[in-house]
Amino acid sequence: MPIAESRYVMRPDGSFRCEHCYFNDTYLEGVVHAIDTAYLVTLEAFVNAIDAREHEVGNHSLRVTEFSMIIGKACDVLGRDLVDLYCGALLHDIGKIGVPDAVLHKPGPLAPEELEVMHRHPEIGFRIIGHIGYFAPAAEIIRTHHEHYDGSGYPRGLKGDDIPHGARVFAVADAIDALTVKRPYRKAFSFERALEEIIKASGSVYDPAVLQAALTMSDVLKDYVGKVVIDDMEYGAGHRFYAGEQDDRS
């Protein structure tokens with residue numbers, strides 16, 4: 001698919017404003033305005049690179065970033081921490097640039113050796129942007145966004161508070177998007193069904209405190225799901241997929 005045109009336009013005062021439909025008048029807009037123009041351009045380049053690889057769930061990075069901002073604010077994430085969460089969420093899949101197409105776009109389940117390759121993408125992402133000082137905190141979110149609260153995640157098996165708070169916020173946001181968007185291997189869940197599945201994994205995959213904060217924003221989150229998900233929203237009865245078993249390509 002073609003790479004989208006730049007989502008940022010210069011305003012009369014010389015600053016840049018994002019004109020993408022997901023950013024205008026949303027939780028993201030204020031954060032975008034807090035980022036220096038040079039870094040916005042860098043983010044734009046990285047996001048375009050990610051979108052060029054991810055064909056089937058286009059704009060996933062933007063959707064999950066919106067959800068992360070909503071949940072982050074419910075968790076009292078403020079100031080620079082909110083900017084770091086924004087950057088980490090937006091770039092969480094940058095490491096997939098280093099994953100072969102045969103693995104990333106394989107239509108069926110991944111073989112064990114293919115899973116091993118896929119499980120490297122958080123570390124690859126960390127190496128890609130970790131040396132850029134401005135993005136250093138975001139790089140830690142990227143490296144830990146597949147860690148689980150009980151220590152069963154990857155790549156390092158971190159547990160509880162050893163996982164950066166931003167990554168714990170992102171995990172819930174990512175699950176909402178993963179479950180409420182149609183994928184080649186299953187239909188989308190309704191928002192209510194998605195929350196049920198995520199709650200089942202509280203304390204194992206997800207930080208219970210973060211999840212509780214997210215639930216206080218359920219009406220807002222549902223509203224945004226309704227804006228960005230327009231295809232085949234249904235309960236998906238009969239599917240064994242649940243939030244704790246997300247496909248590693250999500």
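Author: Happy to! Let's start with D84, which is buried, with a relative accessible area of 8%. Do keep in mind that this is a predicted model.

Reader: Which element is D84 found in?

Author: D84 is part of helix 4.

Reader: And what does D84 touch?

Author: Setting aside residues up to four places away in sequence, D84 touches Y134, P137, A138 and I141.

Reader: Let me zoom out. How many helices and strands does the chain have?

Author: There are 12 helices and two strands in the chain. Along the sequence the pattern reads β-β-α-α-α-α-α-α-α-α-α-α-α-α.

Reader: What share of the residues count as buried?

Author: Of the 250 residues in the chain, 54% count as buried. As for contacts with a separation of 6 or more, 70% of them are between residues 24 or more positions apart.

Reader: Back to helix 4. At what angle do the axes of helix 2 and helix 4 cross?

Author: They cross at roughly 30°, and the two axes come within 10 Å. Helix 2 covers residues 37–53 and helix 4 covers residues 79–90. With that angle, helix 2 is roughly parallel to helix 4.

Reader: Which residues make the contact?

Author: Helix 2 contributes L43, V47 and I50, and helix 4 contributes Y86, C87 and L90.

Reader: How many of the residues in that contact are nonpolar, polar or charged?

Author: Six are nonpolar, and there are no polar and no charged ones.

Reader: New topic: what is buried in helix 7?

Author: The buried residues there are H121, P122, I124, G125, F126 and I129. Their cover includes helix 2, helix 6 and helix 8.

Reader: How buried is H121?

Author: H121 has a relative accessible area of 0%, so it counts as buried. The H121 side chain also makes a polar contact with the side chain of H145, at 3.4 Å.

Reader: What touches A167?

Author: H145 comes up again here: A167 touches I141, T144 and H145, not counting residues up to four places away in sequence. A167 sits in helix 9, residues 165–180. A167 is buried too, at 2% relative accessible area.

Reader: How far apart are A167 and H92?

Author: They are 75 residues apart in sequence, and their C-alpha atoms are 9.5 Å apart in space.

Reader: You mentioned helix 6. What does E114 contact there?

Author: Apart from neighbours within four places in sequence, E114 is in contact with V103, K106 and P109. With K106 there is a polar contact between the two side chains, at 2.7 Å. E114 lies in helix 6 and is buried, with a relative accessible area of 17%.

Reader: On to helix 11. Which residues are buried there?

Author: V210, L211, A213 and A214 are buried in helix 11, which runs over residues 208–216. Looking down the axis of helix 11, those buried residues fall within an arc of 160°, so they line one face of the helix.

Reader: Why can residues a few places apart end up on one side of a helix?

Author: An α-helix has 3.6 residues a turn, so residues three or four places apart point the same way.

Reader: Then what's on the face of helix 11 turned away from the buried side?

Author: That face carries the exposed residues A209, Q212 and T216.

Reader: Last one, about the backbone. Which peptide bond is cis, with omega near 10°?

Author: The bond from Y154 to P155 is cis, with omega near 10°. P155 is in the loop between helix 8 and helix 9. Then there's D76, which has a positive phi of about 65° although it is not a glycine.

Reader: What do most residues and peptide bonds do?

Author: Most residues other than glycine have a negative phi, and most peptide bonds are trans.

Reader: Is D76 buried or exposed?

Author: D76 counts as exposed, at 61% relative accessibility. You'll find D76 in the loop between helix 3 and helix 4.

Terms used. Residues numbered from 1 in each chain as written. Predicted model: local features only at pLDDT ≥ 70, side-chain atom pairs only at ≥ 80, totals over all residues. Heavy atoms only, no water. Axes fitted to C-alpha atoms, helices over the stretch in contact; angles between N-to-C directions. Helix = DSSP H or I, 4+ residues; strand = E, 2+ residues; numbered from the N terminus. Parallel < 35°, antiparallel > 145°, perpendicular 65-115°, else oblique. Contact = heavy atoms within 4.5 Å. Nonpolar A, V, L, I, M, F, W, Y, C, P; charged D, E, K, R; others polar. Buried < 20%, exposed > 50% of the residue type's maximum accessible area, 1.4 Å probe, protein only. Arc of directions from axis to C-beta. Polar contact = N/O pair within 3.5 Å; in protein donor to acceptor, adjacent residues only side chain to side chain.
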